[in-house]
Each structure stands twice: as structure tokens, then as C-alpha cells.
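Notebook open, structure loaded. I'm jotting down what I look up as I go.

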Amino acid sequence: MSGTIKKMICMLVCAAALCLLMSAGRVSGTAGGVSIYSDENGRFYTLSSERSGFVLDCYNGSGEKTRTAIESVEALELLLDGTDVYVVCSFDGAAGIFRPFVQGDNMVIAENTMPKPGCSAVCGGRVYITDSRDDKHIRIYDDINDDYESIAVSQSVEALLVCEGRLIAVLSDGVFSAANGRKTKCEVPQQPFVRSGEIFCDSQGGVFRLSDDKGFERLCTTGYGNTVYCRGELYALDGKELLRLDMNGEVTARLSELPYGADEVVTSGESLAVLCGNKPVPVDKKAFVPISVEESSTEQVTGQSSIPEQSSRRDNDEQSREESFDQSSTRNDIKLISNEYEIRAGYIFGVPEGTTVAGLKRALVYPGELGFRDYRGRTVSSGRIGTGSTVTLYNDGESAEVFKIVVSGDLTGEGNINTSDIGAMTKHLCEEKRLEGAALYAADINDDSSLDIRDLYLLHRIIYS
């Protein structure tokens, strides 16, 4: 029997078994986490997942909230264009743009047109989006119109930006201008980055300015992973303190009295806030206490050491430690613990779908520094955590141990559970492509230490329940 025929038979057997199991009842999936966005008008938006769908909260400058439910869809990203709000979402196997604050004015992108959104941006009622299956083309949709134009790019698009009405595609080694079709080679901020006008702060504390002729230009490196720009000054969260820095990265003032649970600093126009749980709490800029030049110098050194330097050699060292780690060599007085998740054998189990970096960090207790990477090995400081993402424990600036994240049902590491995970599990059951490590643990939905058709059934019900 040929391999192709064998795979086809296996697929049919899986489908038949799945149909038999689907008559047993409904199973609800788990969800958690929050993503925060801001416009340039002093407003903050949080997108959080619940069992019935997603909830969009809008906060004004005084912290007052307006809530909108987005039911029965998977909200992927929030796009802001002045006072207009767009939600990139998927539903019933299709994808679309939902405008939560406009009645009867939603743009839907049909299943055969855009089933898997990638990067996206919006400006003047035009939506720019890439298909994650084909990230070398940018599609342009006019508002409330399924027709689109397409722009070809020579490389994979990593992010889309609209600067003064012009569409810019961020590539791995530069930027591409859709207006003139020209690519400018330059250093690119590490994703995820935070934008405020023409200033970008990346996940490594790098601060960049974007210009037409030179692309991205590095202005300074603060050494703080969570840095934002606001009206000529930088702000960075360092443990339980919020620091103000000048555009050279030097600390000029600090604010020590922060709300409990503050774990991220965000900005919108002239407004500054810290994210506490799933709520942005306004910060009074006048409450900062200036520090002396000597203190500023000390703070700068401390800030740089708090985010360990990343290099290819360290990446290799971390991978080596992860593959050959001997738990007996770990110092007994330095351990990673959690009251929410199970930690054993180099893995962190029980992390819900939709959990963010900030949410994971809150649930972990460790006396040293923690570093986070996504399933592709890229350093991250915000966004969703998926299966295969890693948490690195640092002791005196050196990597001590690496743990892999397991999100039950998320086999592909994207941080959400979808049909791609069904495909990955089916390929494993058909012996076409085996799952390993964290993905194999994530596929054991019923936690019975075996992977079979029942897990495929449960995964199907989680997605379509």
C-alpha cells in the first residue's frame, strides 16, 4: 500500500471516528488574557477573552469605561484610525473586520478571500492586511467592500504601518514603501514594538525614529523591555518603579508609588497609564520625583543589567541547557514556582489559551529575572503566549534554566486554538508528521498520557463549541 493511500485511509478513519464521537454533547473551551491598545486621543482599549467571545473595553482619560461584547468570534487584533475602531476577527471558518461602535456598518471578508489574517493596519477607511499563508502580498480593502487590490512585496511582511497616510511594510532587514515600491535597508525594531507617532520602542528597550529617506534610525537603548514614548520623553517600568528618561536613555525621574499589580506602562497622546490586571490606571506625570545625575547614571546601569543581553551565542547556550539540563545542578534556593500552573520536568502546564506575557509573568514567582520567547524563539515582552514559548530563568545575568509552555489544544504555538491544531493532530495520528515535546503534551486534551481519536474529538469540540 502506497504512503499516499495509507494517509487517505487514515484521514477517513479519523473523520469517521470523529463523527461518531460528536454525538456525545458540547464541551466548552478555556480562555484568558488581555491585550491593550491606545489611540492618540487619550483613550485606551482592552480586548479580553471570555467563554462567550471577546469583550472590548474603552477607557477615557479619567478611567471611565465603555464595554462592548463581541460574541461568537475570535478577535485577533484591534485597529485604530482616529476615533474609528476596527476588530480583525474570525468566525465560522471565515474572517472579517468588525466595527463595534457602528451599527450596520461592518466589513466582512469571505472565507475564500481571507481565511487567515496576518499583519494588518487601517487608515481613512481602507484596511491593509496580509494573509498568513501568503505574507508577500498586501491586500487593500475599501470600507464595507469585499473587493480588494493587491501589492506584491519581495520579502515576507512582518508588520504593517500607516505613517502620514502612507503604507509602510516592515521587513526583516528594512522597510518597504507601498507608495513608490522602494525598499530601504535599515535596522528594524525587535517585535513586538510600541508606536507613538514616528517613535517606536521595541521589546529590547531600543528606541527608533521612522523617516521616509532612512527608514528606522536608532535613537538610544534604554535597557528596559517595557519602554514607551510620550511627548518628548520616555517612560519605562522597572520592577515596582516607573522611570522617566530623556531621549538619550538617561533616567531623570522616578515614581515609586504605583497601583498594586502594575506590570506594563502604556501611553495615549499625552496620557500615561499602567496596566493593572486588565485595567489601565492613569498616572499623574506631576507625581514623578526628579533624581540627581549620579542617581541617573546608577539607574541606567541597573536598567541595562535587568534585561540580559541577547546574542546568537546565548541563544545557542540556552538551547543547549534546555536539551541537556540536569535538574540536580539547580541551586535549591532559586526555584520557579506558581500557584496557578503546574511546573515539572522543564515544562509549565495548565496555561490557558489567550494568556499574555504579562499574565504569565504575574502567575510566576522567581527571585531573579525572567526572559520570554515565543515558539519561534523571538524575544517578546507582550502579546499572547503559546505552546512551545519559553520562560528563561536568569541568575546574576546568566541563564539558569529554561521552561517550555504547554497550552492544552494549541499544538502550533500561535497562542490560540483553531483548525490548524486539528490539522497538526490529524497528521500525527496518521503518522504523517509527528508531534514532539510541548506540542505533544498540548495534544493530550483529556490528560490521560496518550494521544488518540478522543483527543481529536475534544479538540474539535473546543474549537466549534
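**Helix α5 and its ends**

I started with helix α5, residues 419-429, where Asp-421, Ile-422, Ala-424, Met-425, Thr-426 and His-428 are buried (under 20% relative accessible area; exposed is over 50%, partly exposed in between, with a 1.4 Å probe and protein chains only). Helices here are DSSP runs of H or I with at least four residues, strands are E runs of at least two, and both are numbered from the N terminus.

Note on the source: this is a predicted model, with local features needing pLDDT of at least 70 and side-chain atom pairs counting only at pLDDT 80 or more, while totals for chains, interfaces and linings use all residues. Residues are numbered from 1 along each chain as its sequence is written, and side-chain values use heavy atoms, leaving out hydrogens and water.

Next I checked the helix ends. Asn-418 caps the N-terminal end of α5, with a side-chain oxygen 3.0 Å from the backbone nitrogen of Ser-420. After α5 comes Glu-431, which has a positive phi near 60°.

**Cysteines**

How many disulfides does a search of the whole structure find? I got zero (a disulfide being a pair of cysteine sulfur atoms within 2.5 Å). For Cys-163, the nearest cysteine sulfur is that of Cys-123, 9.7 Å away. Cys-163 is buried at 14% relative accessible area, and Cys-58 is buried at 12%.

**A five-stranded sheet**

I traced an open sheet in the order β21-β22-β23-β24-β28, with antiparallel pairing (strands pair if DSSP finds at least two bridges between them). Its edge strands are β21 (227-230) and β28 (289-290), each pairing on one side only. Inside the sheet, β22 (233-238) and β23 (241-245) pair over five bridges, and Asp-238 stands opposite Glu-241 in β23.

Definitions and conventions
A polar contact is a pair of N or O atoms within 3.5 Å; within protein, one must be able to donate a hydrogen and the other to accept it, and residues adjacent in sequence count only if both atoms are side-chain atoms.
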